Amino acid sequence: MNSGKSGKTLPSVVKLGKSIGFLQRAVRSVTESVGHKNAIATHESSGLSGLNVKLETASQVPELILEAASQAVVEYNDFDDKSLQRCGDAYRKLLRNSKAILCYELLISRGRKNQLVQTLTDIYIAAGDIENATQSLNKIDPDTLTKRGLLIYSQSKFTILRTRGKLRAAYVYLRDVVESAGLDTPGVQIKLAEAERQLGLYDLAFERLNKKLKAHSGNVNYALQVAGCASELNKLDQSMGMISMLYSSHKPDPSITLRYVQTLWQAGDVDTLHDVLDTALRQKMSHPPLLKFAREIGYVDKVANRYCERMADIVRSSAATATDVDQRNFAHRFLELNLFEEAREAASIYLLKYRDSAHAFYVRGAANFYLDDNEAATEDLLRSVELNPGLFEAYGLLLHLLPRAPGGLETFIELLDRRDASHPKYSMRGEDGRLGLLDIERSQSSFMSGDFNRGIRVKQERPVCRFLEHKFPEQYNSFRKPAFSASRKDSILIICEDGVGDEIRWAQFYPELRQHFDRIEAMCEPRALSLLQRSFPDIVFHPFKRRLMEAPGDGDQGRSNNVPYYALARLIGNDVYERLGEFSEIRMTSDMVLGMWEKSPTRQPPMDGAGKGSYLTPDPQRRTKWEKHFEEVAGQKVRVGLLWRSSLRTPRRSKHYMDLEDLTPLLNVKGIHFVSLQHEHTRDELLFCRAFGIEILEEADLFEDFEDVAAVTANLDLIVGANSFPAEMGAAVGTPCWQLGTFCNAVLFRLGDSKGEADRLTWNTTIIRTDQDEGFQGDRREMTRRVASEAQRRLGDFVTAHRKENASS
């Protein structure tokens, strides 16, 4: 039997390791990826005396158990059964499934017991090895099991069936066993509800959980599941009532507090949220998921930010006196608080003693990533996924790192395949073929490798798409039929799903919808309503303020309270939902884009760029107003708009943006009037702009007034810098845009496998890239310096060409 299937071995990881100087790590990675017993049948240390006593004194701390064992034995065969099981369970807690499997296989070889076989089955499932899990489970005769044994057995069989794509069979099996054997436990009810939601039986899932709430009232996790299900089904009042009752009636519990603040944020009740965070601060509640959520909303909420700052002092104080084994937990807390130096130090202290912790390598790798130590980050993160291929948090960072080196993107995709084979989360497809989640790494890596079609199709696996197909199977079927029908249809509704920049970009396809439908309706950002109506007068637009998770709810839940699914209620209101059955077809924006790409022989966006010209029409009076303004302040100079960042700056997002000072080389080009297109500026940015003569448009509202953004950008000759909403607007009204390719993801996401520079997603846009010769090596500063230098050279040529054109005209 194969001891812990790990999917593919890692030849490409070795190549990548060698290519960037990580030879020692590469050799070690191969050793760790070999799954058979002989590779690690011999323990790393020696000595046997007093083992049982040491394991007893190690209590339940997995690191201490393994430390005691490592000081005592040469081979696993030297363990007695009790010690071997303790070590197996310790490895399991540390997510070292391959070694846990070795321990339990050896235990079973000494004498098979149902309980040991069942545990081994569950470890195989956790490792994604469904073949061996099935073989292991088949060794158990369910008729010989106790009621508790049958409970565990039936849940394992349910999971195996789900992972094999037999969701309905899994559901029917577990439901029948529960009813016939009376296995009414919180765990099985939650599993049944999960299956019902994946089958589209949303109301039945909620009824199931809610009906058993009183019987399982003492189980906090069960109550949280009920509240979560209510929230998913847009029953926000019920969800809030349950969570607030839990919060007030239980002793301080981080999981309850986290769900409460999440629900308060969703509902827009920030005053109560602030009170809850103040209480959590007094209780010194430093649960990493709570810290992470507070940090995420802290970018836009001052009270949440203050909570994080004060918690940072508390965590620092506690970490100073913590034991080595506790440093891993403190490293995680530091990471969620964006204290990257402290996170790296704490993780390093832990790893000096406990070298096999995937999570500790992940934390240190993430800290190194944000500290711009790319090589160290790559090494640590590769190590983390070698130790635990199912550690999916690491892949989002590796996607930013591996493509920097030649062959790195291919290696990353291999790692994703290995991840999928190592974690049941990525195998549990419904009968409709959907995972029921957005695999963002799979989507983005598909874009970056040039398979834009697949990248969009991954987005169709989200739960909201499944909900629409279950509720409106005739109208919403682009997952099964992505191409637009050859025969003309009566009507279509487009549901916008992402940010305003995405909405403006994909509006390029609205004119093509006329080839397929007599009547076109679309949801839209209210600020864009007049601009879109003028540009597409034959389309009916429905203004709706989309509720994005980085901003609190607006408190006006009544406008979409009858939409029976929250992920959809964030996008449309009651009035439109009630009419969904009237349309011939319904598509999310991404479904529309996919349908347009399906028309191409390659089923991909064109290699030579998304398009040229304009498809949005600014207000004529405002366009004239800003034309006169620039004639007065710029004269005959070339008008160039600058963008360097988004208004929302997080450590991850900052990798895609620049500092204003990075654009200094461009400012040395003569004959240009520079204009800031940022809608807000820091004090230092204001001083810099004034010092270098960059105009700040005091009379323009570049955030709320989309008509101003359209009119201003239409009067520029060029827009240069980072990709953000004003650049998308400028491109849509016909202004050439240069996006500076300072980061590998930004370049490859837009260009895919193209060797050129024409943006394949946004009209009129060129990606200034320097990676063809030098790759993406160097830190962010170095990459920005190279690209800015190239943009400076081209900007000089642009000014010369512009002067010649004016002279000839």
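**Figure 1. Parallel pairing of strands β2 and β3 in the predicted model.** Strand β2 pairs with strand β3 (residues 539-543) in the parallel sense, over 5 bridges, in a model that is predicted. Within this pairing, I520 has I539 of β3 as its bridge partner.

**Figure 2. Strand β2 and its pairing with strand β1.** Strand β1 (residues 489-495) and β2 run parallel and are joined by 5 bridges. I494 stands opposite A522 of β2. Of the 8 residues of β2 (residues 517-524), 6 are buried, so this strand is largely enclosed by the rest of the structure. In a regular strand, side chains alternate between the two faces of the sheet.

**Figure 3. The second largest cavity of the model.** A search of the whole structure finds 5 cavities of 30 Å³ or more. The second largest cavity has a volume of about 90 Å³. Residues lining this cavity include D372, N374, R404 and K655. By class, the lining comprises 4 nonpolar, 3 polar and 5 charged residues.

**Figure 4. The loop containing N234.** N234 is located in the loop that links α14 (220-232) and α15 (236-249). Although N234 is a residue other than glycine, its phi is positive, near 65°. The relative accessibility of N234 is 9%, below the 20% limit, and N234 therefore counts as buried.

**Figure 5. The loop containing N764.** N764 occupies the loop between helix α41 (744-751) and strand β10 (765-768). The phi of N764 is positive, about 55°, although N764 is not a glycine. N764 counts as buried because its relative accessibility, 14%, is under 20%.

**Figure 6. K166 and its spatial relation to G430.** K166 lies in the loop between α10 (147-163) and α11 (167-181). The C-alpha atoms of K166 and G430 are 7.5 Å apart in space, while the two residues are separated by 264 residues in sequence. K166 has a relative accessibility of 46%, between the limits of 20% and 50%, and therefore counts as partly exposed.

Conventions:
Residues are numbered from 1 along each chain as its sequence is written. This is a predicted model: local features need pLDDT of at least 70, side-chain atom pairs count only at pLDDT 80 or more; totals for chains, interfaces and linings use all residues. Side-chain values use heavy atoms; hydrogens and water are left out. Helices (H or I, at least four residues) and strands (E, at least two) are DSSP runs, numbered from the N terminus. Buried means under 20% relative accessible area, exposed over 50%, partly exposed in between (1.4 Å probe, protein chains only). On a 1 Å grid over the protein atoms alone, a cavity is a set of points where a 1.4 Å probe fits but cannot get out, and a pocket is an open set with protein on both sides within 12 Å along at least five of seven lines; lining residues have an atom within 4 Å of a point. Grid points are joined across faces, edges and corners, and a volume is the space filled by probe spheres set on the points. Ala, Val, Leu, Ile, Met, Phe, Trp, Tyr, Cys and Pro count as nonpolar, Asp, Glu, Lys and Arg as charged, and the others, Gly among them, as polar. Two strands pair if DSSP finds at least two bridges between them.
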